[in-house]
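Please look through the sequence and the model below before reading on. The paragraphs that follow take one part at a time.

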Amino acid sequence: MTATTLAGKVAVITGATSGIGLAVARELHSHGMRLVLNARSQDRLTQVQKELSAATAAGDVGDPALPKRLLETALETYGRCDVVLNNAGLMESGPIASIDIDKVCAMARVNVEGAYRVAYTFIKHFHAQGSGHLVNISSVLGTKVRPTAGAYAGTKYALEALSEALRLELAGTPIAVTCIEPGLVLTELHRDFPVHPMHSMNVQHPLQPEDIARCVTFALTQPVHVRIPRLMVLPGEHQI
Ligand SMILES: NC(=O)c1ccc[n+]([C@@H]2O[C@H](COP(=O)([O-])OP(=O)(O)OC[C@H]3O[C@@H](n4cnc5c(N)ncnc54)[C@H](OP(=O)(O)O)[C@@H]3O)[C@@H](O)[C@H]2O)c1
């Protein structure tokens with residue numbers, strides 16, 4: 001069976017101006033894909049837009065109107081959409097009894113509500129088109145919990161449930177769903193942490209965003225009869 005080719009296909013990526021989303025955008029661009037990129041900061045989007053000749057749609061994934069706008073941008077610019085990457089996310093950390101509950105709810109709005117709304121909109125389009133691939137960027141913390149990470153892990157468990165339910169509901173259709181579960185990746189996600197997880201978790205060599213981008217390409221390029229529902233990727237030193 002031949003591998004699926006990416007050249008000429010269209011991908012929508014949320015949170016595409018930094019870290020994992022940016023690395024995936026660069027990787028898919030290098031394979032000839034055409035891109036619609038999203039993030040909140042228009043300035044950073046404009047920089048990436050120039051580098052990757054991409055279309056953009058600035059906005060907050062927590063905005064219920066955003067998914068439709070992302071899909072419309074893809075259809076108006078390229079006439080189709082083959083892949084959507086639910087990547088935008090943030091991490092609030094702390095014990096459940098003392099974490100800032102309003103920040104937790106804001107995180108849930110982006111990590112859970114935003115991702116579910118994107119899936120809700122794009123799966124309908126994939127059904128109508130007769131093809132499509134949804135990639136959810138979960139976390140190893142979507143599969144296990146540790147103290148101070150319960151709130152974040154809860155949002156990623158929700159993404160795992162979404163992915164697994166969709167896998168079952170879409171079995172026998174041409175639509176694929178992949179959930180990627182990275183361990184510690186060196187990005188801007190932890191920039192406000194008082195102690196970087198590299199130090200608190202004693203990981204000297206964290207993953208690089210490009211490591212995750214290669215995994216996304218691996219999932220997207222399988223022959224049509226193959227599904228990669230879950231892919232956990234960890235730094236070699238990770239004791240989690
Ligand atoms: N880094 C890790 O160790 C790690 C491990 C496992 C899973 N993950 C997951 O990987 C995903 C990407 O994280 P990252 O580490 O690459 O983080 P990052 O470097 O902070 O990048 C986050 C990206 O998302 C955008 N973004 C943030 N909030 C947004 C919102 N409400 N609406 C739209 N865009 C938004 C940011 O741009 P703007 O600020 O301009 O919007 C930026 O482009 C997240 O879902 C995270 O949970 C990360």
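**The sheet, strand by strand**

Strand E1 (residues 10-13) runs parallel to E4, and 3 bridges join them. The model is a predicted one, in which local features need pLDDT of at least 70 and side-chain atom pairs count only at pLDDT 80 or more, while totals for chains, interfaces and linings use all residues. Residues are numbered from 1 along each chain as its sequence is written, and side-chain values use heavy atoms, with hydrogens and water left out.

Some terms are needed here. Helices (H or I, at least four residues) and strands (E, at least two) are DSSP runs, numbered from the N terminus. Two strands pair if DSSP finds at least two bridges between them. Strands of a sheet pair through backbone hydrogen bonds, in either a parallel or an antiparallel way.

Buried means under 20% relative accessible area, exposed means over 50%, and partly exposed lies in between (1.4 Å probe, protein chains only).

E4 also pairs with strand E5 (residues 132-137), in the parallel sense and over 4 bridges. There Asn 86 stands opposite Asn 136 in E5. Ala 119 belongs to helix H4 (residues 101-129) and is buried, with a relative accessible area of 4%.

E5 pairs in turn with E6, again in the parallel sense, over 6 bridges. His 133 has Ala 176 in E6 as its bridge partner. How many residues of strand E6 (residues 175-182) are buried? The count is 8 of its 8 residues. Ile 175, Val 177, Cys 179 and Glu 181 are on one side of E6, and Ala 176, Thr 178, Ile 180 and Pro 182 are on the other.

E6 and E7 pair in the parallel sense over 4 bridges, and Glu 181 stands opposite Met 232 in E7. The whole arrangement is an open sheet of 7 strands in the order E3-E2-E1-E4-E5-E6-E7, with parallel pairing. Its edge strands are E3 and strand E7 (230-233), each of which pairs on one side only.

**Around the ligand**

Which residues are closest to the ligand? They are Thr 17, Ser 18, Arg 40, Tyr 152 and Thr 187, out of 31 residues that surround the ligand. A residue is counted as near a molecule if one of its heavy atoms lies within 4 Å of it. By class, this shell has 12 nonpolar, 14 polar and 5 charged residues. Ala, Val, Leu, Ile, Met, Phe, Trp, Tyr, Cys and Pro count as nonpolar, Asp, Glu, Lys and Arg as charged, and the others, Gly among them, as polar.

Backbone atoms also come into the picture. A polar backbone atom of Asn 87 is 2.8 Å from an oxygen atom of the ligand. For Gly 15 the corresponding distance is 3.4 Å, and for Leu 189 it is 3.5 Å. Taken alone the ligand exposes 890 Å², and the protein buries 95% of that. Helix H1 (19-30) and helix H5 (150-169) are the elements that give two or more residues to the shell around the ligand.

Ser 53 is not a glycine, yet its phi is positive, near 50°. Ser 53 lies in the loop between helix H2 (42-52) and strand E3 (55-56) and is exposed, with a relative accessible area of 61%. Thr 148 likewise has a positive phi, of about 75°, although it is not a glycine. Thr 148 lies in the loop between E5 and H5 and counts as partly exposed, at 34% relative accessibility.

A search of the whole structure finds 0 disulfides, a disulfide being a pair of cysteine sulfur atoms within 2.5 Å. For Cys 81, the nearest cysteine sulfur is that of Cys 179, 18 Å away. Cys 81 is buried at 0% relative accessibility, whereas Cys 105 is partly exposed at 47%.

Note on methods
Polar contact = N/O pair within 3.5 Å; in protein donor to acceptor, adjacent residues only side chain to side chain. Areas by Shrake-Rupley, 256 points an atom, 1.4 Å probe, with all protein chains shown as cover.
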